Amino acid sequence: MSDDPREKLKSCLLNLDKNGLLQAVQAVVAEANPEAAQDAVDALAEGLQIVGRRFQEGEWFLGELVYTGELAKEAMGQLSPLLKSSGAESKGTVVIGTVAGDLHDLGKNIFGNYAASAGFEIVDLGVGVAVEDFARAAREHQPVALGMSCLLTVCAGSVGKVIEELSRQGLREALKVIIGGAALTEEFAKDVGADAFAPDAVTGTDIIRAWSCE
Ligand code: B12
């Protein structure tokens, strides 16, 4: 196996090797280097894309999915504090959440980690977030952007409902809305009046970074 902790991280995730994965995470954490932590998060994201493909191609089943999801979450939890320490000063607050009815959170968490490492304060509302809770957080935290994640087609309608509610409460003008997740597209974003759709966390972070410079 490769000595590179980041490669090891990916292969341990894909081999469902929890001990190996946590050791590799520890090796990265011990470096105390935000860039190394960022590389490690990238490696985990790549690993998760492969997990998704294996699942879609019928090579893996729900058990492996749930387990790799838990492993990735635990690893991210240890790497996140390092990412945050790289941001010199806050570029503003970004509220994120997965829409009502949808419990997928890996992609949202990765976006949150990237955005935090780019210097944004992240308020993560979690999963299955109700329309009124997004609106309440927008009022309370006055974010520069609100990010919604949605992976289930049946839940996509909630994205538009949140945007309508923001408008109804006079909160829409003060923030940008960015959306992502497998159930959404660029076209969908236009239809519901979101400011942007991001196919991945890196693009999403680039978009909000550009907004913060406007
Ligand atoms: C892992 C997974 C699970 C895990 C979730 C673990 C977790 N904690 O999130 C478990 C096993 C729990 C699960 C459950 C279910 N799942 Co599921 N799941 C997946 C799978 C394989 C991968 C998703 C994932 O995490 N990918 C890795 C991450 C990193 O990628 P990502 O989410 O796309 O995020 C990236 C971008 O989209 C973007 N992004 C995402 N969100 C956001 C938000 C913002 C603001 C921005 C800027 C960017 C951004 O950035 C991320 C990183 O680059 C997908 C298949 C797929 N292709 O997506 C199915 C999939 C989403 N699941 C599906 C289904 C049907 C279910 C279940 C209903 C299954 C069941 N019968 O119980 C349940 C739903 C439970 C619920 N109420 O939510 C379907 C949805 C079908 C549809 N069109 O609606 C899919 C597409 C599988 C399939 N092909 O059928 N699932």
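Me: In which helix does Val162 lie?
Reply: Val162 sits in helix H7, which covers residues 157–168. Before we go on, please keep in mind that this is a predicted model.

Me: Why is Val162 called buried?
Reply: The count decides. Val162 has 27 other C-beta atoms within 10 Å, and a residue is buried if 20 or more lie within that distance. Val162 is therefore buried.

Me: What is Val162 in contact with, leaving aside its neighbours within four places in sequence?
Reply: Its partners are Val131, Phe134 and Met148. Another residue to look at is Ala130: Val162 and Ala130 are 32 residues apart in sequence, with 8.4 Å between their C-alpha atoms.

Me: How do you know whether Ile179 is buried or exposed?
Reply: The test is the one used above. Ile179 has 28 C-beta neighbours inside 10 Å, and the cut-off for a buried residue is 20 or more. So Ile179 counts as buried.

Me: Where does Ile179 lie, and which residues does Ile179 touch, not counting those up to four places away in sequence?
Reply: Ile179 belongs to strand S4. The residues it touches are Met148, Val159, Leu184, Ala189, Ala194 and Phe197. As for Val94, 85 residues from Ile179 along the chain, the two C-alpha atoms are separated by 12 Å.

Me: What makes Gly147 count as buried?
Reply: Gly147, in strand S3, has 30 other C-beta atoms within 10 Å. Leaving aside neighbours within four places in sequence, Gly147 is in contact with Val94, Ile96, Phe111, Ile178 and Gly204.

Me: Which residues are the closest to the ligand?
Reply: Gly147 is one of them; the others are Gly107, Ser149, Gly180 and Gly204. In total, 35 residues surround the ligand. By class, this shell holds 20 nonpolar, 11 polar and four charged residues.

Me: Why is the ligand said to lie between domain 1 and domain 2?
Reply: Both domain 1 (5–84) and domain 2 (93–213) give residues to the shell around the ligand, so it lies between them. Among the elements that each supply at least two residues of the shell are helix H3 (34–56), helix H5 (106–117) and strand S3 (145–149).

Me: How many residues of domain 1 are in contact with domain 2?
Reply: 12 residues of domain 1 are in contact with seven residues of domain 2. On the domain 1 side, the largest share, seven residues, comes from H4. By class, that side has seven nonpolar, three polar and two charged residues. The C-alpha centres of the two domains lie 24 Å apart.

Me: Why is Leu16 called partly exposed?
Reply: Leu16 has 14 C-beta neighbours inside 10 Å. A residue is exposed at 12 or fewer and buried at 20 or more. A count of 14 falls in between, so Leu16 counts as partly exposed. Leu16 lies in the loop between helix H1 (5–14) and helix H2 (18–31), and its phi is near 55°, a positive value in a residue other than glycine.

Me: What makes Gln142 partly exposed?
Reply: Gln142 has 13 other C-beta atoms within 10 Å. You will find Gln142 in the loop between helix H6 (131–141) and S3. Gln142 has a positive phi of about 45° although it is not a glycine.

Technical notes
Residues numbered from 1 in each chain as written. Predicted model: local features only at pLDDT ≥ 70, side-chain atom pairs only at ≥ 80, totals over all residues. Near = placed C-beta within 6 Å. Helix = DSSP H or I, 4+ residues; strand = E, 2+ residues; numbered from the N terminus. Nonpolar A, V, L, I, M, F, W, Y, C, P; charged D, E, K, R; others polar. Domains from an automatic or database assignment. Contact = placed C-beta atoms within 7 Å.
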